[in-house]
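The following note sets out numbered points for a colleague who has the structure at hand. Each point may be checked against the coordinates.

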Amino acid sequence: MAEKVTPRSEDYSRWYTDVVQRAELADYSPVRGSMVIRPYGYALWENIQSALDGMFKETGHQNAYFPLLIPLSFMQREAEHVEGFAPELALVTHGGGKELEEPLVIRPTSETIINAMFAKWIKSYRDLPVLINQWGNVVRWEMRTRLFLRTTEFLWQEGHTAHETESEARAETRQMLDIYARLAEEWAATPVIRGRKSEAEKFAGAVDTYAIEALMGDRKALQAGTSHYLGQNFAKVFEIEFLDRNNELQHPHQTSWGASTRLVGMAVMVHGDDQGLVLPPRIAPHEVVVVPIARSDAAERAAVIEAAGRVRDELAAAGIRVVLDDREEVTPGFKFNEWEMKGVPVRIELGPRDLAEAQAVVARRDQPGKESKQAFPLTGIAGAVREMLDEVQEALYQRALAFQKENSHHPASYEEMKDLLAESGGFHYAGWCGSATCEQTVKADTQATIRVIPFDQPDNPGRCIACDEPATDEVVFAKAY
RNA sequence: CGGGCUGUGGCGCAGUUUGGCAGCGCACCUGCUUUGGGAGCAGGGGGUCGCCGGUUCAAAUCCGGCCAGCCCGACCA
C-alpha cells in the first residue's frame, strides 16, 4: 500500500488528500471533479448510512426513489431555487441520438421532482404527514473539488416531508437536525454546533435553514448536515393542495433535509493524525484487526494462526467487527503501519510469547506507539476489547470536544477577531445586528462567514462585532469548507 | 473563471539548461532465507516520456498550440 503521508502540520490539504488515498477510501476518477469511493471508504459510508437510516425509520420515515433526470422546467418553477442552483446544473440535451425537446437536468437535489409527485399523492389531511427519504446521488457542477468534501457527483440522502401545519413541519425540521447531530456526536465522535443559517447562507428556496457545524483539524468549519423549513414555497408552485379538517383547501408545510458522503471527510479531518486515519469504532469498517506473529517453525506457526483465528471468532461472536490479517507475504511491522493508516481503532497482536502466557497484546489507535500497548488475558478477551472500543469512542469525542473548546473564541473587538481569524481560524462567537451588510463586511475582511446562529443564545447578545449597533443574536463566524 | 505549480512504467522522481541507447527508488512477479514496528539476497516483467503539429540526420529535451491534474482565491453539502 503506502508509505508516509505529508505531516498534518506541514500542509493540511495535502495531508488530507494523502490520507484519503493511502487509506484506500477513495481515488480520483477519469472525470474531472468526481471520485471513486473504494470498498474501504464505502464500508465506512455504509456504517454512517445505516446509522442514519435506522434513525430515520425510528422516526417514521420511509425510503423511496425518485429519478435522476428532472425536466428543466421543474427546476425553474421556484424562483429562488433555480437562481441558487442554475450555476451548478448539469444538463442532458441529447438522448437516443436526438436532441431532446426539453433539456433534462441531472438532479442537484430533488425538491422539484418529489413535489411534483406529492401534488398527485396528497389530497386530504388524512394523507399527511408524508415522510419520505431517498438515498441517492446528485450532481452539482463545482469549480473546485476535494475528495469527499466537494465533488461534482456525491452520495447523500435527502428527506422530503409534507405536513398539515407550520408548527408540525418546523418540529420535523428540528427533529431531523437533532438526528444529524446525534450521528455526528454519538457515531462520528464529532461535537457540533446546532443552529440556524443566516439569510445569505440558507438553502435556495427555503424559509429557514438549520445546520450542524463541526470544527476540522485545521480550525475551519464544516457544515455536516442541513435541515430546511420550506414553508409553502414549493407547495404553491407545484400546486400541492389538500382539504383540511374544515373542508378548506390548504398548501402543506414542508421540510427537506440532507447529509452526504461529506461526513466521511469530516471523520477523516477531525480524528486523523500523521499515521493516517483514526476512526471512531462505531463507524469503523473494522473495529479490531488481529495480527498473528508467526515465525517459520511450522508447528509454532500453526498454533499461533489457530489461536489468532479463535480470538477472531470469539470477538465476532460478541458482535465486534473484526478482521484477521493472516497474510504471509508481509511482516507484522508492515501490517501495524498499514492498519494504522486505515485507522482501525484496536489492534490485537498474538505471537508465540503471548501464547505461552495465555495473553494477547492490545494496542489502541488513538494512543499510538509501543508504550501504550498492554497485555490482556485470552480468557474473556472479547469483553475487555468491547470495553476498550467504548473507551476509544469516548476518548475521540472528548479530544475533539476539547479541541473545539480551545478554538472557540469570544473576541472582545472586531480587531481581535480579525487577528485571531488570520492567525488560527476557529469558531468566533460574536454579536450580529442582523444586517447583510455587516455579514459581507466580515467576509470581505476575514474570509469568515456566519456558520450558524446557535440555538443556545446568551441572555444578552451584546453589540454587533462589525458595526457596534445592538446585536439581535450571537452568531458563530468561521472560515469554512 | 483568475494566479501558481506539475505532466517521464502502478506510485514518487531524475534526465530537459548544452538534442545523441529512457533511468532510479518504491510497488509488482519467481525462488530461498525471514517474521514482536514499514525484512534480506538473487533473478525477472513492465514506459508510443500528457496530446497534436513544427525544427532537425536525430526530440523526453528546442519551438507553437492544445489538454489534464494539483494548490491558492471567487461559488457550494
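1. In this predicted model, a polar side-chain atom of R301 lies 2.9 Å from a base oxygen of RNA strand B. Q223 places a polar side-chain atom 2.6 Å from a sugar or linking oxygen of RNA strand B, and for E142 the distance from a side-chain N or O atom to a sugar or linking oxygen of the RNA is 3.1 Å.

2. The basis of the values is as follows. The model is predicted, so that local features need pLDDT of at least 70 and side-chain atom pairs count only at pLDDT 80 or more, whereas totals for chains, interfaces and linings use all residues. Residues are numbered from 1 along each chain as its sequence is written, chains are lettered from A and ligands numbered from 1 in the order in which they are written, and side-chain values use heavy atoms, with hydrogens and water left out.

3. RNA strand B is surrounded by 45 residues, a residue being near the strand if one of its heavy atoms lies within 4 Å of it. The closest are R32, R144, R150, R262 and T331. Of the RNA atoms that come within 4 Å of the protein, sugar and phosphate account for 42%.

4. The surface near RNA strand B comprises 14 nonpolar, 11 polar and 20 charged residues. Here Ala, Val, Leu, Ile, Met, Phe, Trp, Tyr, Cys and Pro count as nonpolar, Asp, Glu, Lys and Arg as charged, and the others, Gly among them, as polar. Helix α10 gives the largest share, 7 residues; α1 (12-22), β17 (346-350) and α11 (352-357) each supply at least two. Helices (H or I, at least four residues) and strands (E, at least two) are DSSP runs, numbered from the N terminus.

5. Helix α1 has the buried residues Y12, W15, Y16, T17, D18, V19 and V20, where buried means under 20% relative accessible area, exposed over 50% and partly exposed in between (1.4 Å probe, protein chains only). Their cover includes β1 (26-28) and α8 (262-271), contact meaning heavy atoms within 4.5 Å. Just after α1, E24 has a positive phi of about 65 degrees.

6. An open sheet of mixed pairing is formed by 11 strands, in the order β3-β7-β8-β14-β11-β10-β9-β22-β23-β21-β20; two strands pair if DSSP finds at least two bridges between them. Its edge strands, β3 (62-63) and β20 (408-409), each pair on one side only. Helix α2 (residues 39-58) packs on the sheet and touches β3, β7 (130-139), β8 (153-163) and β14 (253-260). The direction of α2 makes about 160 degrees with that of β7; axes are lines fitted to C-alpha atoms, for helices over the stretch in contact, and angles run from 0 to 180 degrees between N-to-C directions.

7. Within the sheet, β9 (residues 193-196) runs antiparallel to β10 (residues 208-215), joined by 4 bridges, and pairs in the antiparallel sense with β22 (residues 449-454) over 2 bridges. R196 has Y210 as its bridge partner in β10 and I453 in β22.

8. Not counting residues up to four places away in sequence, R451 touches K197, E201, E213, A221, Q223, V476, A478 and A480.

How values were computed: A polar contact is a pair of N or O atoms within 3.5 Å; within protein, one must be able to donate a hydrogen and the other to accept it, and residues adjacent in sequence count only if both atoms are side-chain atoms.
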